[in-house]
Amino acid sequence: MYQPHAMVIGNELWACLRALAPQRIRPARSVLLRQGDAATHVIVLESGSTLITLAGAGGERALLAVRGAGELLGELAVLDSQPRTATVIAAEPCHIHIVPAAAFLTFVDEHDLLAPLLRHAIARVRESEAVRLELATASVPLRLASALSRLVDVASTSATDLAVRLTQTELSQMIGASRNAVVNALKPWREQDWVRTTSGGGLLVRDIHSIQSHARTQT
């Protein structure tokens, strides 16, 4: 079962890692890391949730994963001194710590964390492969329901209704579908009031379990 970094390295070390840099707040939809940028730092995600996206040569984006509190972001690029391989976007307001690469590498050496971090990276690759298979084979309603489910699972709030601050166009790009296909998938969910459109263009997810059940019946 996939576990966030905080559980992999333990709460005590996680607190020490957070203490390496002051807390900062980033608003929803802000870019935390950008694909192709130099690996100058890692991000410790204290609260909030993020979207991990990959852009193709034509600028199209695909959703690789959704990450929540307790995760390190951008650590692999720092460990192998390579450019960022994906873009990380805040899905909601996030509390983060920006740890410089040199300080992070020293911390990894001092606490012998390289092996557990690499094992964690392998788990992430397996998860991403499952998402890619879903994008290639599943129906649009199922892909959309899965993306919304991942956002609900890692959201920092336990409220019944969850606001997804992404437009329908952004959601369609991330699940590899047309905007019209996403609109059609949302239509029966809106009619049942399982999801609503917000004034800002995002969605309010009200009943993810009914959405998942309905999506599994669509081919």
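Predicted model: local features only at pLDDT ≥ 70, side-chain atom pairs only at ≥ 80, totals over all residues.
Residues are numbered from 1 along each chain as its sequence is written, and side-chain values use heavy atoms, with hydrogens and water left out.

**Helix 6 and its partner**

Helices (H or I, at least four residues) and strands (E, at least two) are DSSP runs, numbered from the N terminus. Helix 5 (residues 114-137) packs against helix 6 (residues 140-154) at an angle of about 150°, and their axes are 10 Å apart; axes here are lines fitted to C-alpha atoms, for helices over the stretch in contact, and angles run from 0 to 180 degrees between N-to-C directions. Helix 5 is therefore roughly antiparallel to helix 6, a term for angles over 145 degrees. Val131, Glu134 and Leu135 of helix 5 meet Arg143, Ser146 and Arg150 of helix 6 in this contact, where contact means heavy atoms within 4.5 Å.

Among the buried residues of helix 6 are Arg143, Ser146 and Arg150.

Helix 8 (residues 179-191) has 13 residues and reaches 18 Å from its first C-alpha to its last, close to the 18 Å expected at 1.5 Å a residue, the expected span being 1.5 Å times one less than the number of residues. Its buried residues are Val182, Ala185, Leu186 and Trp189, and they pack against helix 6, helix 7 (168-174), strand 10 (195-197), strand 11 (203-205) and helix 9 (208-216). Asp193, which follows helix 8, has a positive phi, near 65°.

Val164 lies in strand 9 (residues 162-164) and, not counting residues up to four places away in sequence, touches Leu148, Leu151, Gly202, Leu203 and Val205. Although Val164 and Val205 are 41 residues apart in sequence, they are 7.2 Å apart in space, C-alpha to C-alpha.

**Cysteines and accessibility**

A search of the whole structure finds zero disulfides, a disulfide being a pair of cysteine sulfur atoms within 2.5 Å.

| Residue | Class | Relative accessible area |
|---|---|---|
| Cys16 | partly exposed | 35% |
| Cys94 | buried | 0% |
| Val164 | buried | 5% |

Notes: Parallel < 35°, antiparallel > 145°, perpendicular 65-115°, else oblique. Buried < 20%, exposed > 50% of the residue type's maximum accessible area, 1.4 Å probe, protein only.
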